Amino acid sequence: MIVSIVIRKWKIEDKKELAENLNNVKILNNLRDGIPYPYSEKNAEEFIMAMLSSDENKTFAFAITLNNKVIGSIGIFRCDNIHFRTAEIGYFIGEQYWGNGFMTSAIIQACDYIFENTNIIRIFAEPFAFNTASCRVLEKAGFTYEGLLRSNAFKNGNVIDMKMYSRIKNK
């Protein structure tokens, strides 16, 4: 069987698979706060509707699919003001898909799409410093480590460091 990772726009029908993948504390511990737990299909539907109705010049949200099954989410969000040609990337995949190179493929596809279809020239990520798997995925996807953001976040009752990574559009 050929494994095919494809990113595509969200569909309302994706809500069940999105909820199944995101309803996991191990994933939530590596994401920013504000995501409900347990994560229901209603939560997933609200997220998908928000992504589909967002400004298409500022929010680029994709389902990550494996052989047409949703296994995760990836989004690139344009910054404002003097940083309007910069965007932040965020992502996750379901735990059962970790360690297979799927996330690396999705990040490369998303960044390539942004660089080919927008005037964005820099995409950055700020993973928690303890999330070595996410840091490694970014490096494999062509991101450069720029530095440690000391005491940069408060997550699960702890002050934690984050890392700064970026990928710059090739000229």
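I'm working on a predicted model, where local features need pLDDT of at least 70 and side-chain atom pairs count only at pLDDT 80 or more, while totals for chains, interfaces and linings use all residues. Residues are numbered from 1 along each chain as its sequence is written, and side-chain values use heavy atoms, with hydrogens and water left out.

**Entry 1: salt bridges**

I searched the whole structure and got twelve salt bridges. I started with Lys16 and Glu20, whose closest N and O atoms are 2.6 Å apart. Both sit in helix α1, residues 15–22, and they are four residues apart, about one turn of the helix. My helices (H or I, at least four residues) and strands (E, at least two) are DSSP runs, numbered from the N terminus.

Next I looked up how open this pair is. I call a residue buried under 20% relative accessible area, exposed over 50%, and partly exposed in between (1.4 Å probe, protein chains only). Lys16 is partly exposed at 45%, and Glu20 is partly exposed at 44%.

Then I went to Glu95 and Lys26, whose side chains meet in a salt bridge at 2.9 Å, N to O. Glu95 lies in the loop between β4 (86–93) and α4 (102–117) and Lys26 in helix α2 (residues 25–28), so this pair ties together parts that are 69 residues apart in sequence. Glu95 counts as partly exposed at 30% relative accessibility; Lys26 is partly exposed too, at 48%.

Which residue does Asp33 pair with in a salt bridge? I found Lys155, with the closest N and O atoms 2.7 Å apart. Asp33 is in the loop between α2 and α3 (41–52) and Lys155 is in strand β6 (residues 144–155), so the pair ties together parts that are 122 residues apart in sequence. Is Lys155 buried or exposed? I have Lys155 down as buried, with a relative accessible area of 7%, whereas Asp33 counts as exposed at 57%. I also noted that salt bridges with shared partners join Arg32, Glu88 and Glu126 into one network.

I moved on to strand β3, residues 69–78, which is mostly covered, as eight of its ten residues are buried. For pairing I used this rule: two strands pair if DSSP finds at least two bridges between them.

How many bridges join strand β2 to β3? I read off eight, with β2 (residues 59–66) and β3 running antiparallel. One bridge I checked goes from Thr65 to its partner Val70 in β3. β2 and β3 form a hairpin with two residues between them, and Asn67 in the turn has a positive phi of about 50°.

I then followed β3 to β4: seven bridges join them, and they run antiparallel. Here Arg78 has Ala87 in β4 as its bridge partner.

**Entry 2: a look at Ile168**

I picked Ile168, which is found in strand β7 (residues 158–168). Ile168 is partly exposed, with a relative accessible area of 46%. Ile168 and Ile123 are 45 residues apart in sequence, yet 6.5 Å apart in space, C-alpha to C-alpha. Counting contact as heavy atoms within 4.5 Å, and leaving aside neighbours within four places in sequence, I found Ile168 in contact with Phe115, Ile121 and Arg122.

**Entry 3: pockets**

I looked for pockets on a 1 Å grid over the protein atoms alone: a pocket is an open set of points where a 1.4 Å probe fits, with protein on both sides within 12 Å along at least five of seven lines, and lining residues have an atom within 4 Å of a point. Grid points are joined across faces, edges and corners, and a volume is the space filled by probe spheres set on the points.

The largest pocket holds about 1200 Å³ of space. I counted 44 lining residues, of which Asn30, Leu31, Gly90, Tyr91 and Phe92 lie nearest its centre. α1, α3, β3, β4, α4 and α5 (132–140) each supply at least two residues of this lining.

The second largest pocket has a volume of about 220 Å³. Its lining includes Lys9, Trp10 and Tyr113. Which element gives the most to this lining? I noted β2, with four residues.

Definitions and conventions
Salt bridge = Lys/Arg side-chain N within 4 Å of Asp/Glu carboxyl O.
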